[in-house]
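Q: Please walk me through how to read some features of a protein model. I would like the general idea first and the case at hand after it.

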Amino acid sequence: MTKNQKAVAEKFDSHKLYQLAEACQVVKDITYTKFDATVELSANLGVDPRKANQMIRGVVTLPHGTGKVVRVLALCTPDKEAEAKEAGADYVGLDEYIEKIKGGWTDVDVIVCTPSVMAKVGALGKVLGPRGLMPNPKTGTVTMEIGAAVKASKGGKIDFKVDKTGIVHTGIGKASFTAEQLCENAAEVLNAIAKLKPQSLKGTYMKSAALCSTMSPGVKIDIKAFLNSAE
């Protein structure tokens with residue numbers, strides 16, 4: 001056992017269910033990376049993602065942002081370019097970026113576009129789809145309000161969806177955040193997931209949840225206590 005592993009073992013109990021605020025503090029206490037680690041939330045849901053009505057996906061704006069620099073590409077017609085630039089988009093244009101993406105360029109975190117250019121953007125599905133970069137009206141990334149979409153993406157808006165094993169994984173901040181900031185961000189995501197419970201679902205919806213940072217073990221959250229306090 002390494003020195004860090006020993007220190008971690010002394011600071012938390014891997015079997016215990018922690019209150020959310022306590023779990024956020026523990027994750028900070030057991031993170032020993034030399035870089036500013038990302039803190040991730042995972043929620044295990046009692047859904048069958050193969051059923052269309054149980055495919056959980058949503059959008060949430062983290063009160064304290066994600067802690068990382070988000071590079072945004074705005075694909076739009078010339079009349080919308082100034083609006084996108086003023087809102088802080090890192091890249092703005094259309095045809096030249098469509099060609100770059102066809103050539104394999106995906107050096108961005110979020111792509112927003114206007115509905116009028118979706119026909120061109122739709123052709124990039126094979127490149128953008130697997131990377132989770134495809135603009136989607138449901139996540140607010142296909143919109144006439146291009147400036148607002150850029151600002152939201154820069155300001156901590158994230159989208160999440162359940163994977164094929166029924167788990168939602170999403171980053172909720174950095175280890176340098178205060179425990180309170182992590183707690184508020186995590187609560188925002190958990191509340192958003194809770195509201196998406198399918199009406200047809202029988203049995204337990206939110207089975208378990210945990211927090212971890214890059215390279216730290218998972219800290220289990222008392223999800224029942226959280227949901228009861230949120231009601």
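**Reading the model**

A: Tyrosine 91 is partly exposed, with a relative accessible area of 24%. Partly exposed is the range between buried, under 20% relative accessible area, and exposed, over 50% (1.4 Å probe, protein chains only). This is a predicted model, in which local features need pLDDT of at least 70 and side-chain atom pairs count only at pLDDT 80 or more, while totals for chains, interfaces and linings use all residues. Residues are numbered from 1 along each chain as its sequence is written, and side-chain values use heavy atoms, with hydrogens and water left out.

Q: How many aromatic pairs does a search of the whole structure find?

A: Rings of Phe, Tyr and Trp (its six-membered ring) pair if their centres lie within 6.5 Å; planes under 30 degrees apart count as stacked, over 60 as edge-to-face and the rest as tilted. The search finds three such pairs. In one of them, the ring centres of tyrosine 91 and tryptophan 105 are 5.2 Å apart and the planes are at 85 degrees, so this pair is edge-to-face. Tyrosine 91 belongs to strand β4 (residues 91–93) and tryptophan 105 to the loop between α4 (95–102) and β5 (110–113), so the pair ties together parts 14 residues apart in sequence. Helices (H or I, at least four residues) and strands (E, at least two) are DSSP runs, numbered from the N terminus.

Q: Is tryptophan 105 buried or exposed, and which residues form a cluster with it?

A: Tryptophan 105 counts as buried because its relative accessibility is 18%. Tyr91, Tyr97 and Trp105 make up one aromatic cluster.

Q: How many disulfides does the rule give?

A: A disulfide is a pair of cysteine sulfur atoms within 2.5 Å. By this rule the count is zero. Cysteine 24 is in no disulfide, and its nearest cysteine sulfur, that of cysteine 183, is 4.7 Å away. Cysteine 24 is buried, at 1% relative accessible area, and cysteine 183 also counts as buried, at 18%.

Q: Which residues touch the most other members of the largest nonpolar core?

A: In soluble globular proteins, nonpolar side chains tend to be buried together. A nonpolar core is a set of buried Ala, Val, Leu, Ile, Met, Phe, Trp, Tyr and Cys residues joined through side-chain atoms within 4.5 Å. The largest one here has 40 residues, and Leu20, Leu45, Ile193 and Leu211 touch the most other members. Helix α8 gives the most to this core, with nine residues.
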